[in-house]
Every structure is written in structure tokens, then in C-alpha cells.
Amino acid sequence: MATLEAIEEAKKQREYIQKIKEIITAQDAKRKKPLTACVVTFGCQMNARDSEKIVGVLTEAGYEIIEDEEQADFIIFNTCSIRENANTRLYGHLGNLKKFKRKNPDMRIGLCGCMMQEPHVVEKIKKSYPHVDLIFGTHNLYQFAQVLYESLLSDELVIELMDKNPLIVEDLPSVRKFPFKSGVNITFGCNNFCTFCIVPHVRGREHSREPRDIVNEIRALVKDGVKEVMLLGQNVNSYGNDFKDGFSFADLLREVDQIEGLERIRYMSPHPKDFTREVLEVMRDSKKICHQIHMPLQSGSTSLLKRMNRVYSKEQYLEVVRMIREILPDVSLTTDIIVGFPGETEEDFEDTCDVVREARYDAAYTFIYSPRVGTPAAKFPDQVPADVSKRRFDYLLHLIQTISAKESLRFVGTTQKVLVESVSEQDETLLTGRLDSNLLVHFKGDRSLIGSMVNVTLKESKGFYYFGEIEA
Ligand code: 5AD
Ligand code: SF4
């Protein structure tokens, strides 16, 4: 249950939302048009979910939400710092907004998310981007209303940053991007300290949300039309390690599985070292938990994995893959791989290719190693030259595409449950839906089906997506 302090905090933040509303209503009346806001999200599902909470506060405070950042009176960037190019993109946006702010004196610019937890980033913003109005960190999301209110009353930069783990404040508003599916946080932070990764440095130590709060949130979502939830955490299968009563990720899955009206459950991302047979058995026995597992490999070389602090060997990883396939023969398996980690030799890279060949992923997200300030690997002496990383990256991409194209054929001809998500972006006469495996299928159908579950026969595979026919 939420602590008294967290309940008080939620109440306080709701009061701030009302105070912002008063300011905005007065300004709207003066300007004779509503103030607009735009939320730009970089990075992972966790950030996407955080942005829904930001949109929730802005909507309740009276802003009209728009997509066009240059037209917005308040624009907020929810930032990501996982790789260098995410940082670079933010600076590009900020540079570009300077001239728009000159034209629109009402315009305010806010920054939040992982980059704001990096002290050198905040220093750079203060120095080079004086048109930024407010900054808050990943631990301060629940204080967004307060920070925005303070900023509306001030011409100075308002900064709210905490470096310790925050309260988990429940029951603040959020507006979902999709009415029929939602991310649900189950853990915050990470304790693993993989040597390449900035996340534990910017998101803090892992703590789990109370099972009852998670279940209550999902029940409310289902009541509001949600059919599919994605349980979110940096390392979901260590859920509960910080509880004293032994309640585990498998226990949580069992409880969520009981929720009436919920049709689909996914989770992301599990760590190979924490995978238990019990979790897989719960998945096998459930009608709702999708047989889809995204299990980051990072590297297939045991010695590199050691330097990455991943705490498993090539063989142990492959053992987990075998256990998954034994219990869930129809599983769709995906992964993340980094190439060019410091010290990676041709043999190390070959080990990664071996695992890819044996694990037969349905999809794999490949990244060239990007040194992050403050992580141990950034200081490792034997950084891999860019041309070597690029060559390995291209080779790996081709290998993965060949394997996943072949793997996707195994579902052609089957009829599967599909959650209809939208009209196809490529062809307006088609609908796009998501399969249990998380892959997309395009098929003819009426747009009134959006948000519902239908049966679709997969007719043709295009590698990462299918064309299908809806069952009459
Ligand atoms: N460089 C490249 N890729 C990284 N990832 C995390 N940190 C880095 C980094 N410094 C990748 C990992 C992780 C995914 C979300 O991003 O593969 O699983
Ligand atoms: Fe980063 Fe490793 Fe934690 Fe994933 S498990 S968030 S890669 S430190």
C-alpha cells in the first residue's frame, strides 16, 4: 500500500494542478485561445509511459495537447541517454527552438528524463541553452505539476533533481496514447550495473511496486477499455527481490492473469540470469500471457559478458533459451545485442554470431557500442575502431534478417488472435493489428474494429510483418 507520505504527496500535486489550471484559464481568456502543449518522447517504453503521466497532468491542468512542437506554448522533452545519438538529437531540437521562442513569448521549454540525471548535461544546458525554463529528473516525475507551477511564476530556470530513490506516488493522472493497451510499471531502477549501461546511474536502485497497487491499476485500466498490458521494468524478473515476503515475478504474473476482462499480458525486459522455470510454467498455463520473450543477449562471448558484468556465460544463456523453447515451443524470442564493446575480438564476435544462429531469434535489435560518461566501460582501454564495429554490425544485421525471415514463415497459414491497433500507415485500405508474438499483420477490415480482438489467418510473411485475412 502507498505510504502516508506518498498519499499526502499525491494530494499536494493535485493541488498544484488546480493552481496551474487557474493560471491557464486566466491566460486563455486574455489570449482568446487555449494554451497548447506538446510532449516529445525519446527512448524506451518506460519513457513512453512516463510521458503519458506528463500528458495526464497537462490535460488536467487545461492545456490542449498538440503534436507540433514549434507551435506549442509549452514543450517538454522526455529524454533518453542510453546512447550518444539520443543526446545529440535533443541538442538539435533545442537549438532549433530558439527562434520559435523568440517569436512566441508565451513559449516555455521543459526537460526531463534520463539525460537530466547526468550532471554534465545539466551544466551544458545551463551554459548553452538559456531558453530552457524547467528541468526535472527521473526521480521527480511525480513533482511535475509543482515544477511547472513554479516555472509559470518565474522567469528563472527552475530545476528539481533528486539523486536518491523517490516515493512511489500512486493515483496521479495519466492519458494513454492507445485507449486499448497500456504499459504498467512494476519496477523502477536497476541494480545490475552492466558496465556499458547508464541506466542504473540515472534511474537509481531497483524498487518494486506493491502487487496490490499494480493489480488495482490494471483493474482500473481494464474498466477503462484496456485489453493488453505490458509490465515494465529494467529487469522485470527480479521483481520482488526487495520484498521481505518472497513474493516473486511469477506470483505477480499469476495475480495479473486472474484479472477479469484483461485479454493480453506482456512484459519487458527480463534478464537471463533471473529467468525461472516457474515463470515459464505460469506463461504456459495462462491463456493471457503472450508467448513472447525479449531476452537481451548483449554478447555471446563468455569473456566479454564477464567484462560487461552480465553474470552469465554463453552456455548459460543458451541453456535458458533451451528451457524457454522446451516449455513454450511456440515462443517468439527477441533480443538486444551490442557490437564493438571494448576489447571485442573477431572470436568474441563469432561467439555472438553462434548464439544468434542457435537461438534463432524472431527479431534482434543491434547496437554499436556507445561509450557513456560515468560508466566503467567508457574508460576501458581497448575501444574498438569505428570501421571494425560497423563491419561487424552490418554482418550481424544481415545474419539476423536471414534467420528471422525464415523463422517468420513458421506462422504462415496459422490463424491467430490479433489486437487491431490502427489503419495501416502504408495503405489506408488496410488495418494493422498486433499478434501474440508482437509482430504486426496488415489485413482488410472495417476501422470500427480498432481496439478489438479478431482472428486473422496469416497469408504472407514479409520478415518483420505479415499480410493476412480476417476470419468471417
Ligand atoms: N551502447 C550501445 N548500446 C547500449 N545499450 C545499453 N547501453 C548501451 C551502450 N552504451 C543497449 C543494450 C540494451 C538496450 C536497451 O540498449 O542492448 O539492452
Ligand atoms: Fe542497463 Fe544492464 Fe540494468 Fe539493463 S540490466 S538497465 S542493460 S544495467
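Modeller: D133 is buried, at a relative accessible area of 9% (buried is under 20%, exposed over 50% and partly exposed in between, with a 1.4 Å probe and protein chains only). K101 also counts as buried, because its relative accessibility is 16%. The side chains of D133 and K101 meet in a salt bridge, 2.6 Å from N to O (a side-chain nitrogen of Lys or Arg within 4 Å of a carboxyl oxygen of Asp or Glu). This pair links distant parts of the chain, 32 residues apart: D133 sits in the loop between α4 (119-128) and β5 (134-136), and K101 in helix α3. Helices (H or I, at least four residues) and strands (E, at least two) are DSSP runs numbered from the N terminus.

This is a predicted model: local features need pLDDT of at least 70 and side-chain atom pairs pLDDT 80 or more, while totals for chains, interfaces and linings use all residues. Residues are numbered from 1 along each chain as written, chains are lettered from A and ligands numbered from 1 in written order, and side-chain values use heavy atoms, without hydrogens and water.

Helix α3 spans residues 84-103 and also holds K99. K99 has 41% relative accessibility and therefore counts as partly exposed, whereas K101 is buried.

Across the whole structure, a search finds 39 salt bridges. One of them joins the side chains of R203 and D50, at 3.2 Å from N to O. R203 is in helix α6 (residues 199-203) and D50 in helix α2 (residues 45-61), so this pair, too, links distant parts of the chain, 153 residues apart. Both partners are buried: R203 has a relative accessible area of 9%, and D50 has 7%.

What does the salt bridge of E358 tie together? Its partner is R322, and the closest N and O atoms are 3.1 Å apart. E358 lies in helix α12 (residues 346-359) and R322 in helix α11 (residues 314-327), so parts that are 36 residues apart in sequence are tied together. Here the two side chains are partly exposed, E358 with a relative accessible area of 43% and R322 with 36%. Elsewhere, R49, E52, E170, R209 and E217 are joined into one network by salt bridges that share partners.

Now the strands. Two strands pair if DSSP finds at least two bridges between them. Strand β15 (residues 415-423) is joined to strand β18 (residues 453-461) by five bridges, and the two run antiparallel. Within this pair, K417 stands opposite N455 of β18. β15 also pairs with β16 in the antiparallel sense, again over five bridges. There V420 has G433 of β16 as its bridge partner, and six residues separate the two strands of this hairpin.

From β16 (residues 430-435) the pairing passes to β17 (residues 440-444), antiparallel and over five bridges. T432 has its bridge partner, H442, in β17. These two strands form a hairpin with four residues between them, and N438 in the turn has a positive phi of about 80°.

The pairing of β17 with strand β19 (residues 465-470) is parallel, with four bridges.
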